[in-house]
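Let's take a friendly walk through a protein model and look at its aromatic rings. Please have the structure open as you read.

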Amino acid sequence: MINHILSICLFCILSIGLQSQSDVPDVTSTFAIKNANVVVKPGQTIEQATVIIKDGLIHQVGKNIPIPYDAEVINADSMFVYAGFIAGISHIGIPKKEEKKEGGSSSVKGYDPPNDAAGITPEKTVRSVIKPSDSSIAAMRKLGFTMAHVVPRGGMMAGKGSLISLSGGSVDELLVKENMSLYGSLKAAKNRIYPSTAIGVMSKWREMYQQAELAIDHESTFKSAPSGLKRPMYDASTKALYAATNKSIPVFFNAPKTLDLSRSLRLQKDLGFNIVASNVKQAYKLKDKIKSMNIPVVISLKLPKEEKKKKESDDKKSNKEDDMSDEMKKLLARSSAAKKEYTSQAAILEEANIPFSISLTDVKAADIQKNLRRMIEAGLSEDKALAALTTNPAQLLGISSIAGSIEKGKVANLIVTDTTYFKEKANVLYVFADGKKFKQEIKKKKKKKEGDPDAEIVLEGEWTLSINADGMVIGGNVTIQKTDDGYTGSMTTDMDDEETEFDSVEIDGSNVTIKMTGDVNGVEAPIQIDVVIDGSDMEGSVNIANGMMTADVTGSKDDNP
């Protein structure tokens, strides 16, 4: 059932809303973005400028530039043009189900399990796991990302990272630079097999790294003087570590917490590999050490939930807080301070003059712009925020000659916005990836029907739904049961009789949120239905894949099931 909804929504939105994208090829490869505010790089803007794109490259940038006769002209008066964003590290294009394959069978036990069961798969490549159809590619491109450093999902040695273009197409078209990094962490093995602790993981890192060093020496000696030596024979995991041990590629080490970061830096000091501290959430606590060691940093864009502003209706809550012990009050105060520090991490690094890039490994697409604004509100300058998305990752990944700024000869990776990107209501209107134009259709949001938080509703029963996906109407039926723990339910459509169980049903007065998981073309996607119940009627929307697709929904209750 969900397959049908997703497939139809995809068809409708792609064929109607995104028709100017990859489904219909442009009649020209030459474009002129005219009279725009061109942000060449952080801190450098040319007003009323023109950018000429030709054959996938930036052909010219500046004022009073003649427009080629064969160019498609985009009149960008008062609009802003930025270099396409670059993810410093991400899992873009790699389905989450790939992570579920890690950890091996629960029947595998013992001190020396197979490498893959212990999360040791440095030989794994992005080419082997990336899916061009994965919804995250289009979702991140929609936000302005045109290139990304992608790493496999997995355990302590997850695999080799690659640079990809978010221009779409086949695997070969996506991959720009392969096997350019090793992705590692202190993630322990599952199912109680070795290494099952952080200390055990560090020990295993040392063992594997030193084994790779010995293997390199053995192979080198054998090549120069094979007589009397046994022919070298090493497994794929050991060979895959050669590039990291000889420092031809860096190790992007996942280190979100202070202890993770401290341990990873200690491991780097012992072994000597080139490290990039990745997905960092508490770098501010070790900023002096990071600066003295000149460690590249990629910070997480996932932030703690915002603390709600106190309202007059919170008096009861305040009274409860007054009854708390001093220890509990201190604990809450420390927690609040830690959240503020976390949100201020980028501003603290800027103040310490430590450059950083952005990690997208654990942040939802719907939160990216909001969280960037929260960082700016916490003290980060817009120039440094833009640098974290453009020039810094370009330098980190060794691609400054082709990306990160708007300059003649570079790849035409650009985004066009209706106002400055970091404003609350900013919209991305166009994205150019590898010179390929993607036009974003900005729909006017339908005013959401407000629910009554104090209303009492009768939710259980049979409901008939109508889902409107850009003009195509899909009928559906929802069954909801009340239990001791809340509500459960399922949904079918008039396309077939397959039932999809709900993951959760949440009620706040007359506001109801239903969550479930669907699958389309082998890609799992979260689905959320938000409706307001008014007696026997409901009205709201369906959100698919964290905002990738949306549709309106109405419904009524069947009083005689």
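Over the ring of which residue does the charged end of Arg141 sit? That charged end sits over the ring of Phe438, 3.8 Å from the ring's centre. A charge counts as over a ring if NZ of Lys or CZ of Arg is within 6 Å of the ring centre and within 35 degrees of the ring normal.

Before going on, a word on the background. This is a predicted model, where local features need pLDDT of at least 70, side-chain atom pairs count only at pLDDT 80 or more, and totals for chains, interfaces and linings use all residues. Residues are numbered from 1 along each chain as its sequence is written, and side-chain values use heavy atoms, with hydrogens and water left out.

Now to rings that meet other rings. Rings of Phe, Tyr and Trp (its six-membered ring) pair if their centres lie within 6.5 Å; planes under 30 degrees apart are stacked, over 60 edge-to-face, and the rest tilted. Nine aromatic pairs are found by this rule. One of them joins Phe31 and Phe432 edge-to-face, with 5.2 Å between centres and 65° between planes. Phe31 belongs to strand β1 (residues 30-41) and Phe432 to strand β15 (residues 428-433), so this pair ties together parts 401 residues apart in sequence. Strands here are DSSP runs (E, at least two residues), numbered from the N terminus. Phe31 is buried, at 1% relative accessible area, and Phe432 is buried at 0%; buried means under 20% (1.4 Å probe, protein chains only).

Elsewhere, Phe85, Phe145, Tyr421 and Phe422 form one aromatic cluster.

Definitions and conventions:
Helix = DSSP H or I, 4+ residues; strand = E, 2+ residues; numbered from the N terminus. Buried < 20%, exposed > 50% of the residue type's maximum accessible area, 1.4 Å probe, protein only.
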